[in-house]
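Have the sequence and the 3D view open as you read.

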Amino acid sequence: MNTIPYEYIGQRFKPREGTDQQLLLFVAPAEDIRSWAGVPRKAFDYQHGFQRTLNPGRVGDVMKYFKDSERNISPTSVVVGLTGAVEITPLKDVAGNFSEIVKITINAPDYAAMPIEELIDAAVVAVRTRLNETAVTQIEENLNRAFADAVTTEDVDQSFGIVSDKIIEDGGGIAAEGDGRSYLADFYAQLRGYQERLDDLPAENTLRETLYSILKPAVLVDGQHRVFGGASSDESMLFSVCAIPGSTWAESVFQFVIINQKAKPIKPAFLSSIIATSLSTKEIDEVYTRLRSSSIDVERSEVMERLNTEPSSPFKGMIDFEVEGAPGYLQFPGMAKLARDFQNIPNTHSVLLRSGSWDDVAGDWIDHFFAFWRGIREYFEGQDNRLWSEPSSDRPNNLLKIVSLQVMQQVVLDGWADSRIFRLDDVDGTCVATHSFWMDFPSTFFTDEWRQKGLQTSVGRGILSDAIRETRRNIGRKNWGHRRLKLFSD
């Protein structure tokens, strides 16, 4: 395999006392950076990435900016994590010993000349190093099953995808790492399946770009639009580069979040998706700990990751993380509020907790939240299996709308609190209680057309809430139907 060496003269220094982490500063042409730095962009066909999708409009704007005048430059540094074959040769110290002059040699294999099979082999080795042996063993012992679980079967284009809504049955499936599963394990299973020819390879160009982002000796952490816009305008344009030598994938993710969250905050949905799908289970724990110490609010991201990935969650695979092409359809902000309102029961419905707090309840609050909605799901899905699937023209469904979920939760909690009988004690009891709460409630309430608009307003929520309560009060009453309610009228 041919290797292309890229050589630069730069400075190496430790940014602060007491740290072992070094930084490199050097200058490189835009086309060089584009050649040796991978850009792991997140999309549904590559969940493992963490960069935002390259925006052609922004690239065009940057390219136009550089072309408008030769005086137009980028004075800020591009940030990269050096992960592969990089040689650093000391040349001399700088006065004061704050830094030293070094020669930096980035050895970039000519991946474009490699057959796709060799790229897959190399990627398998790279990904495997980040998984624990238990995960690897489970996959290898039942590779056909693991590959089938990992590959998107509904994508007619056969893009390089990873399913985010698979269900792991007790005793079956591939439990990725520890007690949970990670997208990284699925990704490994998918690569191994392609390696063993368990299925045809997807579109080669797409697959190559994905593998390049893993295998190149550097990861572009910040500045992708500047680099690609600059290279499109003038391949020889120079950029200053701040590089982190010996950077792990987790370190690159951490730096990406810190840079973007401290400057232009990442949307919570995308932040959650980055952490949940870009890291292994162990790496997730480490990054969350570091983000907390950096005063980044990650609690909501942790909760939403659990909602979308835990097998016990009735909303598994249904959350919209605002990733292009992803299958989730329940909007992140609304679902985050639904979970937060339930967590806030000690302040809104403290009578449901014996001590007024979650401390004396068997199970975590989120376990009860899952059980609460499992009871509702089991009842309504049992009545009409259309009611727990994405609404469409041939599957009318007003149940899985954010306003419906929020109002239903409020109605149940209010009803329990008013009765002063029920307590949230154990998880199984919560599931049974919510199932019983809706007993005999007509499923057609959610499949009949709702003619009232503006339900997200306070007035609209009131109309929906009143309709649910009135329907419950009249269950079993002859000559009464919910269609006479205001919700169903023009």
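## Ground rules

This is a predicted model, in which local features need pLDDT of at least 70 and side-chain atom pairs count only at pLDDT 80 or more, while totals for chains, interfaces and linings use all residues. Residues are numbered from 1 along each chain as its sequence is written, and side-chain values use heavy atoms, with hydrogens and water left out.

## The whole chain

The chain holds 19 helices and ten strands. Both are DSSP runs numbered from the N terminus: H or I over at least four residues for helices, E over at least two for strands. Of its 490 residues, 51% count as buried. Buried means under 20% relative accessible area, exposed means over 50%, and partly exposed is in between, with a 1.4 Å probe and protein chains only.

Among contacts (heavy atoms within 4.5 Å) with a separation of 6 or more, 73% are between residues 24 or more positions apart.

Look for Q406 in helix α16, which covers residues 402–419. Q406 counts as buried because its relative accessibility is 9%. Leaving aside residues up to four places away in sequence, Q406 touches G334, K337, L338 and R461.

Helix α19 spans residues 458–473, 16 residues in total. From first C-alpha to last, α19 reaches 22 Å, close to the 22 Å expected at 1.5 Å a residue; the expected span is 1.5 Å times one less than the number of residues. Its buried residues are G460, I463, L464, S465, A467, I468 and T471. Their cover includes α16 and α18 (444–447).

## Salt bridges

Side chains of opposite charge can pair when their charged atoms come close. The rule used here asks for a side-chain nitrogen of Lys or Arg within 4 Å of a carboxyl oxygen of Asp or Glu, and the count comes to 18 salt bridges. In one of them, D367 pairs with R306, with the closest N and O atoms 3.8 Å apart. This pair links distant parts of the chain, as D367 is in helix α15 (residues 365–383) and R306 is in helix α12 (residues 299–309), 61 residues apart. D367 is partly exposed at 26% relative accessibility, and R306 is partly exposed at 27%.

D384 bridges to R386 with the closest N and O atoms 2.8 Å apart. Here D384 is buried, with a relative accessible area of 13%, whereas R386 is partly exposed at 27%. E470 and R473 also form a salt bridge, at 2.6 Å between the closest N and O atoms. Both lie in helix α19, three residues apart, about one turn of the helix. E470 is partly exposed at 26% relative accessibility, and R473 is exposed at 59%. Elsewhere, salt bridges that share partners join E140, R192 and E196 into one network.

## Confidence

The predictor's confidence in each residue is its pLDDT, from 0 to 100. The chain averages 79, and 78% of the residues score at least 70. Over residues 42–52 the pLDDT is below 50, and this stretch has 77 contacts in the model beyond near neighbours in sequence. Residues 152–181 also have a pLDDT below 50, with 78 such contacts. Where pLDDT is low, the predicted coordinates should not be read in detail.
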